[in-house]
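We will go from stop to stop, picking residues and looking at what surrounds them.

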Amino acid sequence: AKTGIYVVQVTVNGCVSDQSSTSVVVKTKPGQPILSSNSPVCEGQDIVLNAQPVAGAIYHWSGPNAFISNLTGPVILAAGTTHQGQYILAIEVDGCIGEPSSINIDVTKKASAPLIEGNSPLCQGEDLSISTPSIPNTTYKWTGPASFIDNNTAFIIGNVTSIHAGSYNLIATFN
């Protein structure tokens, strides 16, 4: 509403000056950006930040670990716990910077490899026993020779033969 031409004249002792004018343009300030992300992520996964696109906008991201970006949706590859924290975005349109928005990113520390115990080596006909300690909020997936699959913390394969020989692998997923 304040955009327009402003005119001024000066009167001194009854004498009026010529008019002088200036044009004033008041630009619309952009609104606060709307942000989203894929948080929380596990250590080693990518962080994906997103801002709702705004036509003609320049993006000013900042965050932990000296992070800066001018992209609408920057990606932080193989995030570590140093990337956890508050990310701030202000958008600039036509030279005007709007109020910033922020989003908190959580990076969960990767768990240590589980301890696995077994009774190998074995003789044919004996029982194979393999186990790992139980951890609350953890799921387990064992795989092994002869299409072996198990979801428990421990298992026994009775009367083993040569088809049971090989590597048994465990994926333990916490939370």
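Start by selecting Asp94, which sits in the loop between strand 11 and strand 12; strands here are DSSP E runs of at least two residues, and helices H or I runs of at least four, numbered from the N terminus. Before going further, note that this is a predicted model, in which local features need pLDDT of at least 70, side-chain atom pairs count only at pLDDT 80 or more, and totals for chains, interfaces and linings use all residues. Residues are numbered from 1 along each chain as its sequence is written, and side-chain values use heavy atoms, with hydrogens and water left out.

**Stop 1**

Look at the backbone of Asp94: phi is positive, about 55°, although the residue is not a glycine. Asp94 counts as exposed because its relative accessibility is 52% (exposed is over 50% relative accessible area, buried under 20%, partly exposed in between, with a 1.4 Å probe and protein chains only).

Lys27 lies in the loop between strand 4 (20-24) and strand 5 (35-37), 67 residues away from Asp94, and the pair links distant parts of the chain. With 42% relative accessibility, Lys27 is partly exposed.

**Stop 2: the other salt bridge**

By this rule the count comes to two salt bridges. For the other, select Lys29 and Glu99, whose closest N and O atoms are 3.4 Å apart. Lys29 is in the loop between strand 4 and strand 5 and Glu99 in the loop between strand 12 and strand 13 (101-105), so this pair ties together parts 70 residues apart in sequence. Glu99 is partly exposed, at 47% relative accessible area.

**Stop 3: the nonpolar cores**

Which residues have the most contacts inside the largest nonpolar core? Select Ile47, Leu49, Tyr59, Trp61, Tyr87, Leu89 and Ile105, out of 18 residues in that core. A core here is a set of buried Ala, Val, Leu, Ile, Met, Phe, Trp, Tyr and Cys residues joined through side-chain atoms within 4.5 Å. Strand 7 (47-51), strand 8 (57-63), strand 11 and strand 13 each supply at least two of its residues, and strand 11 has the largest share, with four.

Centre the view on Leu89. Leaving aside residues up to four places away in sequence, Leu89 touches Pro33, Leu35, Ala51, Tyr59, His60, Trp61, Pro100 and Ser101 (contact means heavy atoms within 4.5 Å). A second, separate core has 10 residues, including Leu128, Tyr140, Tyr168 and Leu170.

**Stop 4**

A pocket is an open set of points on a 1 Å grid over the protein atoms alone, where a 1.4 Å probe fits, with protein on both sides within 12 Å along at least five of seven lines; lining residues have an atom within 4 Å of a point. The volume is the space filled by probe spheres set on the points, which are joined across faces, edges and corners. Strand 20 gives the most to this lining, with five residues.

For the second largest pocket, about 250 Å³ in volume, pick Ser120, Leu122, Leu128, His164 and Ala165, which lie nearest its centre among 18 lining residues.

**Stop 5: backbone details**

Stay with Ser120: a cis peptide bond joins this residue to Pro121, with omega about 5°. Pro121 lies in the loop between strand 15 and strand 16. Another cis bond runs from Ser39 to Pro40, where omega is near 0°, and Pro40 is found in the loop between strand 5 and strand 6.

Finish at Ser147, a residue other than glycine with a positive phi near 60°. Ser147 lies in the loop between strand 17 (138-144) and strand 18 (148-150), and is exposed, with a relative accessible area of 70%.

Terms used. A salt bridge is a side-chain nitrogen of Lys or Arg within 4 Å of a carboxyl oxygen of Asp or Glu.
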